[in-house]
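Trainee: I would like to go through the helix packing and the aromatic contacts in this model. Can we take it step by step?

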Amino acid sequence: MNPEQFAAALREKGIDLNDRQMEQFDMYYKTLVEWNEKINLTALTDQKDVYLKHFYDSISAAFYYDFNRDLHICDVGAGAGFPSIPLKICFPDLKVTIVDSLRKRINFLNQLAAQLDLTNVAFYHDRAENFGKNSKFREVFDVVTARAVARMSVLSELCLPLTNKNGTFIAMKGSQLDEEIADAKSAIELLGGEINQVHTFNLPVEESERTIFIFDKKRKTPKKYPRKPGIPNKAPLS
């Protein structure tokens with residue numbers, strides 16, 4: 001998918017990018033490739049792959065959820081900024097907070113934000129388990145996103161404590177995993193969430209399957225969650 005195909009595919013979904021936004025995506029791609037020579041940000045560096053499997057894939061969350069309003073979103077384990085930075089480019093009024101456990105990725109994101117002239121973005125070097133215990137961030141975000149970070153039972157413990165009551169947790173996955181969702185159902189309920197929508201679709205061009213899970217935060221998360229760093233992954237809630 002080249003930049004022109006990228007813009008056309010988004011236009012079909014009702015997202016019309018202007019010249020400045022296209023410049024930002026071009027700069028994003030070039031900066032990503034440049035930094036990737038120094039630190040491991042992505043295995044994908046071909047332009048067609050980055051535009052399809054990172055940029056378009058990230059923005060696909062907006063096909064099923066309205067980001068075109070005043071929202072504060074937290075992106076857990078965003079790595080090179082996916083999905084929140086592509087969403088921020090498309091919807092400039094978003095306020096974005098990213099938490100990632102690797103300092104080098106945070107350094108990349110800070111330089112990227114400066115180069116793209118992004119405002120209302122903040123990047124934190126921290127473990128999501130610690131971040132979710134911090135009263136400054138706990139249950140304050142309208143939307144919490146995570147893209148291909150961990151199994152749903154683990155993701156829910158990292159993300160739902162950050163989601164405010166009546167807020168939304170969006171998990172972006174590959175192929176729909178019924179077993180994974182079934183295993184996570186009790187954990188999601190325990191943490192205050194309820195599944196609202198599941199959307200499965202194929203990426204254009206290569207037709208690989210993607211699934212977006214949208215959860216509503218119905219109740220406050222019990223104070224004991226998230227547990228200490230590493231424990232959610234070692235002993236997922238069941």
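Trainee: At roughly what angle do the axes of helix α2 and helix α3 cross?

Mentor: This is a predicted model, where local features need pLDDT of at least 70, side-chain atom pairs count only at pLDDT 80 or more, and totals for chains, interfaces and linings use all residues. Residues are numbered from 1 along each chain as its sequence is written, and side-chain values use heavy atoms, leaving out hydrogens and water. Helix α2 covers residues 19-36 and helix α3 residues 47-59; their axes come within 11 Å and cross at roughly 120 degrees.

Trainee: How is the orientation of α2 and α3 classed?

Mentor: Angles run from 0 to 180 degrees between N-to-C directions, with axes fitted to C-alpha atoms over the stretch in contact. Under 35 degrees is roughly parallel, over 145 roughly antiparallel, 65 to 115 roughly perpendicular, and the rest oblique. The axes of α2 and α3 cross at roughly 120 degrees, so the two helices are oblique.

Trainee: Which residues of α3 make the contact with α2?

Mentor: Contact means heavy atoms within 4.5 Å. From α2 come Phe25, Asp26, Tyr28, Tyr29 and Leu32. From α3 come Gln47, Val50, Tyr51, Phe55 and Ile59.

Trainee: How many residues of α3 are buried?

Mentor: Buried means under 20% relative accessible area, exposed over 50%, and partly exposed in between, with a 1.4 Å probe and protein chains only. Among the buried residues of α3 are Asp49, His54 and Tyr56. The buried residues pack against α1, α2, α4, β4, β5 and β7. Helix α3 is largely enclosed by the rest of the structure, because the buried count is 10 of the 13 residues.

Trainee: Which geometry does the aromatic pair of phenylalanine 6 and tyrosine 51 have?

Mentor: Rings of Phe, Tyr and Trp (its six-membered ring) pair if their centres lie within 6.5 Å; planes under 30 degrees apart are stacked, over 60 edge-to-face, and the rest tilted. Phenylalanine 6 sits in helix α1 and tyrosine 51 in helix α3, 45 residues apart. Both are buried. Their centres are 5.2 Å apart with 80 degrees between the planes, which is edge-to-face.

Trainee: Is tyrosine 124 buried or partly exposed?

Mentor: Tyrosine 124 pairs with phenylalanine 131 in a tilted arrangement, 5.4 Å centre to centre and 45 degrees between the planes. Phenylalanine 131 is buried, at a relative accessible area of 1%. Tyrosine 124 has 27% relative accessibility, so it counts as partly exposed.

Definitions and conventions
Helix = DSSP H or I, 4+ residues; strand = E, 2+ residues; numbered from the N terminus.
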